[in-house]
Amino acid sequence: MWARCWGPAVAVLPLLPRRFLAVWAPRRLRPSPGPPAAPRARARRDLTAGLWRRGQGQGRPGHTARRLLAALAGVFVWEERRIQEEELRRSAEEMKRMREMVSFFPSGSEERPEPVMPASSEPAWELVMDKKHFKLWRRPIEGNHLYQYRVFGTYTDVTPRQFFNVQLDTEYRKKWDSLVIKLDVIERDVTTGSEVVHWVTHFPYPMYSRDYVYVRRYNVDKENNLMVLVSRAVEHPSIPEDPEYVRVRTYESQMVIRPHKTFDENGFDYLLTYSDNPQTVFPRYCVSWMVSSGMPDFLEKLHAATLKAKRMEIEVRDYISARPAETSSSESKASLPNAEHKPEGTRSPAQLGYA
């Protein structure tokens, strides 16, 4: 399958225009990007213009001036970029609807329902992978050639707390995810606990590595027995584009976990909805195959890392007990043995990472 997708693409590599090679080609083939066009200055200029437009008509003395000063100083404006409560609520509602459909199936059945049909104005979900412990769907995103993906699955040998903590812990991920080049929390919002993360990841050969700047926010709803993690791409003045990587500017992810019993007993269902624009020049079916194969692979690596942490008693930060707005650097890191990050095995061509 890999040869079917990548063989023709590699064959036409010499025929591609230079602007395509700049995104697709490996380092030795990539044209020189030339001097950077003042990315930091552009970011400040764009942010200033946006704040000026939004500041007009606010009716609060000094409001616009404060925003402009923040923009010119290169400060990230949380008021505009943080994950809102409504985004968390919508993600939780999607899981509730899915769970309602699951209740119509016999206990222990390996079947899983189709997602709830969207409104008539939205594309329908198409089932593309049906396995024992998960199903994967996709639907086209209006206005471009990309898809949105959704995975609904179950794990029974780890607890929801363990799985959730391993997914959030950036320091531990540097140990178990061999695709990670860089993964750092850049800034935190003390109001909501939202975090800005800079993530650089390998892409399948011969594509160039990608980097993401995204804001994420999690919520643990003990009353409704749910855990929610929402992420989406943003721009941050302290992380300009790097000519070594291709910046991914369109990215969204929502993970919802519903324990079968409690946060500390084995067994839970999860719902992952994901979309991004990796800026490739490959045919739509090849990109779709990459994501459809890479997403289950990433989830299994995440599951394996959770099992490893559980069996080896690796101490990972407990995000459920911690307050979301904690900013102490010592609390934001997992207590792991001091060791260099070493890739665990050779990276296969179809592997992709997910935030």
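Which residues point one way from β5, and which the other way? Glu195, Val197, Trp199 and Thr201 take one side, while Val196, His198 and Val200 take the other, and all are buried. This is a predicted model. In a regular strand the side chains alternate between the two faces of the sheet.

**Strand β5 and its partners**

Strand β5 covers residues 195-201. It is mostly covered, with seven of its seven residues buried. Strand β4 (residues 180-188) runs antiparallel to β5, and seven bridges join the two. Within β5, Val200 stands opposite Lys182. The hairpin of β4 and β5 has six residues between the strands. In that hairpin, Gly193 takes a positive phi near 85°.

Strand β6 also pairs with β5. Seven bridges connect β5 and β6 in the antiparallel sense. Val197 has Tyr214 in β6 as its bridge partner.

**Salt bridges**

The structure holds 21 salt bridges. Three of them are listed here.

| Salt bridge | N to O distance |
|---|---|
| Arg82 and Asp189 | 2.7 Å |
| Glu195 and Arg188 | 2.8 Å |
| Glu195 and Arg216 | 2.8 Å |

Take the side chains of Arg82 and Asp189, which meet at 2.7 Å, N to O. This pair links distant parts of the chain, 107 residues apart. Arg82 lies in the loop between α5 (78-81) and α6 (85-102), and Asp189 in the loop between β4 and β5. Both Arg82 and Asp189 are buried.

One of its salt bridges is to Arg188. Glu195 counts as buried because its relative accessibility is 3%. Arg188 counts as partly exposed because its relative accessibility is 21%. The cut-off that matters here is 20%, since buried means under that value.

The other salt bridge of Glu195 is to Arg216. It joins distant parts of the chain, with Glu195 in strand β5 and Arg216 in strand β6, 21 residues apart. Glu195 and Arg216 are both buried. Elsewhere, salt bridges that share partners join Glu86, Arg89 and Arg90 into one network.

**Aromatic pairs**

How many aromatic pairs are there? The count comes to 14. One of them is Phe164 with Tyr218, an edge-to-face pair with 6.0 Å centre to centre and 75° between the planes. This pair links distant parts of the chain. Phe164 belongs to helix α7 (residues 160-168) and Tyr218 to strand β6 (residues 210-221), and they are 54 residues apart. Phe164 and Tyr218 are both buried.

Trp176 and Phe298 form another aromatic pair, and this one is tilted. Its centres are 6.2 Å apart, with 35° between the planes. It too links distant parts of the chain: Trp176 is in helix α8 (residues 170-176), Phe298 is in helix α9 (residues 284-311), and 122 residues separate them. Both Trp176 and Phe298 are buried.

Aromatic residues also group together. Trp199, Tyr212, Tyr214, Tyr251 and Tyr274 form one aromatic cluster. Among these, Trp199 is a residue of β5, and Tyr214 is the bridge partner of Val197.

**Charges over rings**

Two arginines sit over aromatic rings. The charged end of Arg138 lies over the ring of Tyr147, 4.2 Å from its centre. Arg210 is over the face of Phe203, at 4.9 Å from the ring centre.

Notes: Residues numbered from 1 in each chain as written. Predicted model: local features only at pLDDT ≥ 70, side-chain atom pairs only at ≥ 80, totals over all residues. Heavy atoms only, no water. Phe/Tyr/Trp six-rings, centres within 6.5 Å; stacked < 30°, edge-to-face > 60°. Helix = DSSP H or I, 4+ residues; strand = E, 2+ residues; numbered from the N terminus. Buried < 20%, exposed > 50% of the residue type's maximum accessible area, 1.4 Å probe, protein only. Lys NZ or Arg CZ within 6 Å of the ring centre and 35° of its normal. Pairing = 2+ DSSP bridges. Salt bridge = Lys/Arg side-chain N within 4 Å of Asp/Glu carboxyl O.
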